Amino acid sequence: MHIKKGDKVQIISGEYKGHVGEVIKALPKEGKVIVEGANIRTLHQKATQMGGESGRIEKEMPIYASKVLLYSEELKRGVRTRVEVVDGKKVRVSTKSDEKFD
């Protein structure tokens, strides 16, 4: 998967198109990521313990990783990436500006 936890990404399709946020969690087996402030859903939750959180809770839900691009601070937009080997390590590199992300 081309996205990792902690990456800054831009959503390229759907209701939150254009939203820029940080990846909270990556789910590689499902091919999904959870982006901060995007795909928010309201869940109705009972308290599981005395004094626990209950009621209507807003929570970020997963979206497909194919709907996000790494965000380039240099270009101020999402960019596609390729993988290059530098000193024996794989590094993600922007196809447009040769900006390195790892």
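The radius of gyration here is taken over C-alpha atoms, and the globule rule is 2.2 Å times the number of residues to the power 0.38. This is a predicted model, in which local features need pLDDT of at least 70 and side-chain atom pairs count only at pLDDT 80 or more, while totals for chains, interfaces and linings use all residues. Residues are numbered from 1 along each chain as its sequence is written, and side-chain values use heavy atoms, with hydrogens and water left out.

View 1. Helices (H or I, at least four residues) and strands (E, at least two) are DSSP runs, numbered from the N terminus. The radius of gyration is 17 Å, whereas a compact globule of 102 residues would come in near 13 Å. Laid along its principal axes, the C-alpha trace spans about 55 × 30 × 20 Å. Buried residues (under 20% relative accessible area, with exposed over 50% and partly exposed in between; 1.4 Å probe, protein chains only) make up 29% of the 102 residues.

**View 2. Here's the largest nonpolar core, with 13 residues.** A nonpolar core is a set of buried Ala, Val, Leu, Ile, Met, Phe, Trp, Tyr and Cys residues joined through side-chain atoms within 4.5 Å. Those with the most contacts inside this core are Ile 3, Val 9, Val 33, Val 35, Ile 63 and Val 68. Zoom in on Ile 3: not counting residues up to four places away in sequence, Ile 3 touches Val 9, Val 23, Ala 26, Val 33, Val 68, Leu 70 and Arg 92. Contact means heavy atoms within 4.5 Å.

**View 3. Asp 7 sits in the segment before strand 1.** Asp 7 counts as buried because its relative accessible area is 11%. Its side chain makes a polar contact of 2.8 Å with the side chain of Arg 92. Such a contact is a pair of N or O atoms within 3.5 Å; within protein, one must be able to donate a hydrogen and the other to accept it, and residues adjacent in sequence count only if both atoms are side-chain atoms. A polar atom of the Asp 7 side chain also lies 2.8 Å from the backbone nitrogen of Lys 4.

**View 4. Strand 9 and strand 10 make a hairpin with 2 residues between them.** Strands pair if DSSP finds at least two bridges between them; here 6 bridges join residues 81–86 to residues 89–94, running antiparallel. Val 86 stands opposite Lys 89. In the turn, Asp 87 has a positive phi of about 55°.
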